[in-house]
Number of protein chains: 2
Amino acid sequence: MATKQQARLQAAKDEFVTQWGAIGNSWGVNRTMAQIHALLMVTPDPMSTDQVMEELKISRGNANMNLRELVGWGLIRSIVRKGERKEFFEAEKDVWKIFCIVTRERKRREIDPVQDVLHRCQDQTAGLKGTEAETFQKQIKELSDFVATTSRIMDKVASSQQSKIVPLASKLFK
Amino acid sequence: MATKQQARLQAAKDEFVTQWGAIGNSWGVNRTMAQIHALLMVTPDPMSTDQVMEELKISRGNANMNLRELVGWGLIRSIVRKGERKEFFEAEKDVWKIFCIVTRERKRREIDPVQDVLHRCQDQTAGLKGTEAETFQKQIKELSDFVATTSRIMDKVASSQQSKIVPLASKLFK
DNA sequence: TTTAACTTTCAGTAATTATTGAAAATACGA
DNA sequence: TCGTATTTTCAATAATTACTGAAAGTTAAA
């Protein structure tokens, strides 16, 4: 009986890890990174590099690189147990914290560069006269204003307490 | 003089198109698609496939495919002028509308699949007992609840009038 | 019809991105 | 310090994704 239940649990975990990897792709993170993250999110104890390699059937280089990257994002952290040479990893499990980290990263990768290019375009065309130029300036300005607002909202959301924002959002958008 | 100003404007447009393409990548849309979109956003008159090919130095197949895709998203529309065989394209220029389209598309591609997989995992493990199973269920449930809220917010935002949401958001997140 | 302007498709190829595996580097305990 | 367990790096390769160009398909005017 216990075996059968464990098999069902294992199957669910496997599906979660596999699918999270696939979804990761559409979020612009590579499959392996997303899979490692998923695996650590549903594994109660910290895992070593070798355990991750074994579980996901990936090479040492791949495991190492993506574990580092996840540590860099702050989505997992490394654990050193006294008396053990090996390093272990555990995931941040608090969903709101995960969300804040991902939001900050996406802002950095997806919003900031847009803002930069829009500002450069505004500077480059400042003072130009004529219908063509004015059409361009108007469009860029509208984009720019909108992106600036988006940017501020993301900063604000990603740095607030869940207890403050979620009830507010739920009320607003119910 | 006029020539010099036009050169500056052209340079700014080129930079905008090029960079928008690069940024598109980090948003998960291919470079060409993003470049065509950028080009049409800053071109007052509708453009033909040949003009787009010429401007971006891309093949007919590439131009056609990405123009279709953009039409599919609703980010550009096709124009037929009477007496002309050729089809022309113009971009949606209203920034809020663009935002709504992109938000809906991103929800469809990035949020809905996550919700599906989380629900399947919940179903598969419903009723399982034991610490391991309960830890898994708890984590999945927290993710699931959070994603459900996100999903509702995106639906709501993407279907509202800018005039209603933006002032509200600005006030909340100032 | 026929013709020609225009659009679509798609097999082949190019460009990009991800992964491996083994060698080099590092760091810990004796 | 040395020996070894562990981590990191990176050139080679595999997998994926994007693009081309030419041929096939479509449509509208003559």
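Helices, of at least four residues, and strands, of at least two, are the DSSP runs of each chain, numbered from the N terminus. Under this numbering, Lys57(A) belongs to the loop between helix H3 (49-56) and H4 of chain A. The views below show a predicted model.

**Lys57(A) in the loop between H3 and H4 of chain A.** Most residues other than glycine have a negative phi. Lys57(A), which is not a glycine, has a positive phi near 55°.

**Lys57(B) in the loop between H3 and H4 of chain B.** Although Lys57(B) is not a glycine, its phi is positive, at about 55°. Because 6 other C-beta atoms lie within 10 Å, Lys57(B) counts as exposed.

**The symmetry relation of chain A and chain B.** Gly28(A) has the C-alpha nearest the axis in chain A, at a distance of 3.1 Å. The two copies use the same surface, with 100% of the contact residues of chain A recurring in chain B.

**The contact between chain A and chain B, with 45 residues from chain A and 45 residues from chain B.** On the side of chain A that touches chain B, the elements giving two or more residues are helix H1 (2-26), helix H5 (95-125), helix H6 (131-158) and helix H7 (162-172) of chain A. The most residues on this side, 12, come from H6(A). By residue class, the side of chain A that touches chain B holds 24 nonpolar, 10 polar and 11 charged residues.

**The protein surface near DNA strand C.** DNA strand C is surrounded by 19 residues, of which the closest are Gly61(A), Asn62(A), Gly61(B), Arg85(B) and Glu87(B). Two or more residues come from each of helix H2 (31-41) and H4 of chain A, and from H4 of chain B. H4(B) gives the most to this surface, with 5 residues. The surface near DNA strand C comprises 2 nonpolar, 9 polar and 8 charged residues.

**The protein surface near DNA strand D.** Around DNA strand D there are 19 residues, and Gly61(A), Arg85(A), Glu87(A), Gly61(B) and Asn62(B) are the closest. Helix H4 (60-73) of chain A gives two or more residues to this surface, as do helix H2 (31-41) and helix H4 (60-73) of chain B. H4(A) provides the largest share, 5 residues. The residues near DNA strand D are 2 nonpolar, 9 polar and 8 charged.

**Helix H4(B) and its buried residues.** H4(B) has 14 residues, which at 1.5 Å a residue should span 20 Å, and this agrees with the 20 Å between its end C-alpha atoms. Its buried residues are Ala63(B), Asn66(B), Leu67(B) and Leu70(B). These residues lie on the same side of H4(B), because they cover an arc of only 105° around the axis. The exposed residues Gly61(B), Arg68(B) and Gly72(B) are on the other side of H4(B). The buried residues of H4(B) pack against H2, helix H3 (49-56), strand E2 (76-80) and E3 of chain B.

**Phe89(B) in strand E3 (residues 87-91) of chain B.** A residue counts as buried if 20 or more other C-beta atoms lie within 10 Å of its own. Phe89(B) has 22 C-beta neighbours inside 10 Å and is therefore buried. Apart from residues up to four places away in sequence, Phe89(B) touches Leu40(B), Pro46(B), Met47(B), Leu67(B), Ile76(B), Ser78(B) and Ile79(B). Among these contacts of Phe89(B) is Leu67(B), which is one of the buried residues of H4(B). The C-alpha atoms of Phe89(B) and Thr49(B) are separated by 7.9 Å, although the two residues are 40 residues apart along the chain.

Note on methods. Residues numbered from 1 in each chain as written. Chains lettered and ligands numbered in written order. Predicted model: local features only at pLDDT ≥ 70, side-chain atom pairs only at ≥ 80, totals over all residues. Least-squares fit on C-alpha atoms with pLDDT ≥ 70 in both. Contact = placed C-beta atoms within 7 Å. Buried ≥ 20, exposed ≤ 12 C-beta atoms within 10 Å, placed from the backbone. Nonpolar A, V, L, I, M, F, W, Y, C, P; charged D, E, K, R; others polar. Near = placed C-beta within 6 Å. Expected span 1.5 Å × (residues − 1). Arc of directions from axis to C-beta.
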